[in-house]
Amino acid sequence: MEFELTRDQQLFRGTTKDFLEQEASLLKVRELAEAGGGFDRDWWRRGAELGWVSMLVSAEYGGDSISGSGLRDMALVAEEMGRLVSPGPLVVTNVVAAALSESRFSAAHSTVIERLMSGESVATYAMCEVDRGWDPAGTQLLASPEGDDIVLTGVKDLVESADQSEYMLVTARCADGLAQYLVPTELPGVTVTPLTGIDLVRKFSRVRFDGVRIPRSALVGSGAETEQAIERQLQIAIVLQCAEMVGVVERVFENTLQWMSDRYSFGRPLSSYQALKHRVADMKMWLEASHGTTAAAARAVDARSAEAAELVSIAKSYVGSIATDIIQDCVQLHGGIAITWEHDIHLYLRRATVNRVSWGTPSEHRERLATIIGV
Amino acid sequence: MGSPTEIDVIEDIETFRSRAREWIAANLPLAKPVTGEESESADYDEAAWARARELQKLLYEGGFAGLCYPKEYGGQGLTPAHQYAFNEEVAGYEMPLLLNSPTFSICGPTILDMGTEEQKKKHLSAMIRGEETLVQFLSEPGCGSDLAGVVTRATRDGDVFVLNGSKIWSSWAYAADYALCLARTDWDAPKHRGLTMFLLEVNQPGIELRRIRQVNGNEEFCQEFFDNVEVPVSNVVGEINGGWTVASRQMFHERNSVGGGSQYVSGRLMGPKRRSPTAVMAEIARRTGRSDDRRVRELIAESHAIGRVREHLIERVVAGMRTENLSASAGSIIRLFGGMGHLRQTEIAVEVAGPHGTFSLPGTMGDREIAETFITRQAACMGGGTTEIARNIIAERVLGMPREFAADRDVPFKDVRRSR
């Protein structure tokens with residue numbers, strides 16, 4: 001979280017935090033995990049009423065940010081959600097809402113934008129394909145025109161909350177490159193297969209498209225602008241993902257500090273041992289660096305700065321790997337208790353690990369960064 | 001004459017920026033392009049120091065010296081944001097970078113915080129005019145991290161103190177006019193309570209100065225020997241026996257400076273001939289046909305990311321301290337990152353460059369600078385306070401963990417066991 005928040009941002013953050021603590025406590029997260037169904041739709045709708053899907057939508061469609069910098073406002077929510085490993089499709093729904101609102105054909109999607117903002121509907125993002133990563137160049141799903149319709153054929157992978165979404169933003173290959181379409185999940189030919197993942201409440205699916213027929217009005221973007229639009233979507237997603245990871249790590253770190261002062265060995269608290277203090281000092285440094293680089297990426301993407309692509313890949317490559325390092329060392333500092341199912345730290349480690357590998361691994365982002373900086 | 005209600009309005013950043021840009025272009029020479037063939041000592045030999053003073057004078061005459069120092073001491077009374085804007089505008093021009101540390105970013109702020117009115121008037125303005133450089137006489141052969149254990153003796157004799165002892169690791173002492181020198185004035189008090197800080201004139205009888213040659217051939221460090229050196233009582237900074245308060249403040253400024261978070265640095269901190277490590281590595285990778293090697297590409301990207309993340313961390317920690325969301329000791333976080341980031345970056349450079357960064361033809365430096373930097377890399381984890389001390393500070397003062405046991409706490413210093 002950035003240190004200098006406006007009064008409105010502080011208020012917004014406080015409301016979100018209170019809501020999450022009351023309605024999505026870790027106990028609740030564990031209940032949802034037991035039930036195996038992902039997030040609670042009514043809960044999501046109430047979150048949407050707080051503005052969780054409105055910040056990246058233009059005023060034309062009723063969107064509104066808190067501070068004038070919608071993405072930085074959203075990062076506050078993502079961070080609070082990270083602190084409680086909250087369920088909910090915050091990243092994907094916002095990416096789709098922003099994409100629809102920024103699309104040349106936004107007017108055709110105004111009803112869906114409205115539904116997403118109210119929480120009545122949920123949308124997810126279908127980009128990645130099996131073994132092809134998050135590079136849009138790997139797209140093989142085909143979009144072929146047939147009469148007045150477009151027919152989609154192919155498979156998308158790691159589609160978040162697909163089984164709880166009404167819409168998907170699908171990236172497809174067509175005659176003149178890539179295009180994106182808004183596709184209702186209920187259409188014939190769409191088969192959603194939930195995958196078993198390690199996050200207990202954030203579910204991912206593989207989605208098959210067997211000749212799925214959509215009207216031409218489903219188009220969100222095509223031609224030369226698609227690549228830029230996809231880059232923008234990736235940037236928004238990673239800023240929110242990194243903000244969430246920072247929240248995840250910060251909470252684990254706070255709990256670990258508390259543990260170290262409560263736990264005595266050899267007649268002294270763990271926090272009095274220099275060997276352990278020095279490890280904790282390193283963690284504090286990494287945590288503050290993660291905050292800093294995430295905030296820098298958020299500012300750059302929000303301002304559509306020329307540095308945005310670079311800073312996003314820096315943030316993901318840094319935060320993505322350091323987050324799991326920190327949490328694993330916190331597990332070590334806790335000892336045996338932290339590898340039990342009852343201890344909450346594994347919920348955080350699960351979320352951080354899934355975030356590490358989705359939207360590009362740290363390694364993939366270093367490779368991307370090399371290209372960006374001209375290696 | 002201004003009206004009695006005249007308010008000193010601070011120039012807005014963008015107006016300042018364009019005024020600075022115009023002045024810089026008209027008055028400052030461009031920095032010499034870096035070829036990699038420069039001799040190491042050219043950075044800090046006598047000619048380099050004379051040039052630095054000359055450039056400082058030029059900045060002073062143009063009204064761009066001591067931007068964040070108060071006007072009454074010869075500065076411009078501007079904000080850090082003005083200094084950062086100036087730094088951006090002055091990139092690529094020749095600047096007196098040698099004066100940044102310790103003169104402007106460590107000694108200056110310490111005098112500003114702790115000095116008497118006379119000391120501030122005399123030393124700060126001379127420094128800003130380019131007429132005085134200052135260094136630190138802190139570490140001794142027998143103590144470094146445990147700075148409060150210094151044994152240089154200062155004995156009062158009427159209006160003067162008489163100093164005997166030795167100081168070491170003082171950067172640039174051979175080019176300095178004054179030093180902030182920490183000495184022991186009371187041996188019966190516990191170690192932190194018997195120290196006094198002096199503004200000591202460097203070029204005077206009784207001070208013998210030797211230069212220390214480092215493993216990379218660099219000779220910026222010095223050792224000094226004091227034989228009955230006299231310093232007037234009026235040159236005490238802070239209180240007599242209150243030297244630890246001054247030294248703590250000084251180390252606070254030092255950590256900020258080393259970490260890259262000081263607003264008193266003008267232009268870059270130092271390194272007039274440093275090429276961007278990313279650019280050097282990318283160039284070597286191209287030259288050796290490895291630009292497509294995924295492993296090499298990732299390493300270069302990682303090194304680049306460390307540099308950028310360091311900037312982001314500095315920005316965050318500075319904002320955190322300013323808004324009191326982080327304790328004033330949080331400067332140690334950027335100090336630690338600076339050291340550890342440097343270790344990883346120099347390792348990556350050696351890995352990527354291979355033999356190209358380790359050997360050069362006779363009489364040239366070329367990319368051998370990479371391995372020369374590597375073999376002295378630990379210095380980045382020592383100077384400005386070791387990374388071990390930084391970790392102690394982060395754990396104890398930023399995070400509030402219990403303090404380490406100290407065998408010398410509350411013991412009269414004369415009874416404390418010391419190195420033989």
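**Notebook: strands, helices and contacts in a predicted model**

I began at strand β5 (residues 195-201) of chain B, which pairs with strand β8 (residues 236-237) of chain B in the antiparallel sense over two bridges. Pairing here requires that DSSP finds at least two bridges between two strands. Helices (H or I, at least four residues) and strands (E, at least two) are DSSP runs, numbered from the N terminus. In this pair, B:Met197 stands opposite B:Val237 of β8(B).

I noted the ground rules next. This is a predicted model, in which local features need pLDDT of at least 70 and side-chain atom pairs count only at pLDDT 80 or more, while totals for chains, interfaces and linings use all residues. Residues are numbered from 1 along each chain as its sequence is written, and chains are lettered from A and ligands numbered from 1 in the order in which they are written.

**Entry: the strands of chain B**

I stayed with β5(B) and looked up its burial. I call a residue buried if 20 or more other C-beta atoms lie within 10 Å of its own, exposed if 12 or fewer, and partly exposed in between, with C-beta atoms placed from the backbone. Six of the seven residues of β5(B) are buried, so the strand is largely enclosed by the rest of the structure.

Which strand pairs with β5(B) over seven bridges? I found β4(B), and the sense is antiparallel. Two facing pairs went into the notes. B:Leu180 stands opposite B:Leu199 in β5(B). B:Leu182 stands opposite B:Met197 in β5(B).

I then checked strand β4 (residues 178-184) of chain B for burial. Seven of its seven residues are buried, so β4(B) is largely enclosed by the rest of the structure. In a regular strand the side chains alternate between the two faces of the sheet. I listed the faces of β4(B) separately. One side holds B:Tyr178, B:Leu180, B:Leu182 and B:Arg184, all buried. The other holds B:Ala179, B:Cys181 and B:Ala183, also buried.

β4(B) has another partner. Strand β1 (residues 134-137) of chain B runs parallel to β4(B), and four bridges join them. B:Val135 stands opposite B:Ala179 in β4(B).

**Entry: helix α5 of chain B**

I compared length with expectation. The expected span of a helix is 1.5 Å times one less than its number of residues. For the twelve residues of α5(B) that gives 16 Å, and the end C-alpha atoms are 16 Å apart, which agrees.

Which residues of α5(B) are buried? I found B:Lys120, B:His123, B:Leu124, B:Met127 and B:Ile128. They cover an arc of only 125° around the axis, which puts them on the same side of α5(B). The arc is that of the directions from the helix axis to the C-beta atoms. Their cover includes α2 (46-62), α4, β1, β4 and β5 of chain B. Just after α5(B), B:Gly130 takes a positive phi of about 85°.

**Entry: helix α3 of chain B**

I repeated the check on helix α3 (residues 80-90) of chain B. Its buried residues are B:His82, B:Gln83, B:Ala85, B:Phe86, B:Glu89 and B:Val90. They cover an arc of only 160° around the axis, which puts them on the same side of α3(B). These buried residues pack against α1 (13-27) of chain B. B:Gly92 follows α3(B) with a positive phi, near 95°.

**Entry: domains of chain B**

I took the domain bounds from an automatic or database domain assignment. Chain B is divided into domain 1 (13-131), domain 2 (135-240) and domain 3 (275-398). The centres of domain 1 and domain 2 of chain B, taken over C-alpha atoms, are 26 Å apart. Their contact takes 13 residues from domain 1 and 14 residues from domain 2. Contact means that the C-beta atoms of two residues, placed from the backbone, lie within 7 Å.

On the domain 1 side, α4 (100-114) and α5 (117-128) of chain B each supply at least two residues. α4(B) gives the largest share, six residues.

**Entry: chain A against chain B**

I finished at the chain contact. It takes 31 residues from chain A and 34 residues from chain B. On the chain A side, α8 (274-302), α9 (308-334) and α11 (362-372) of chain A give two or more residues each. α8(A) gives the most, with 14 residues.
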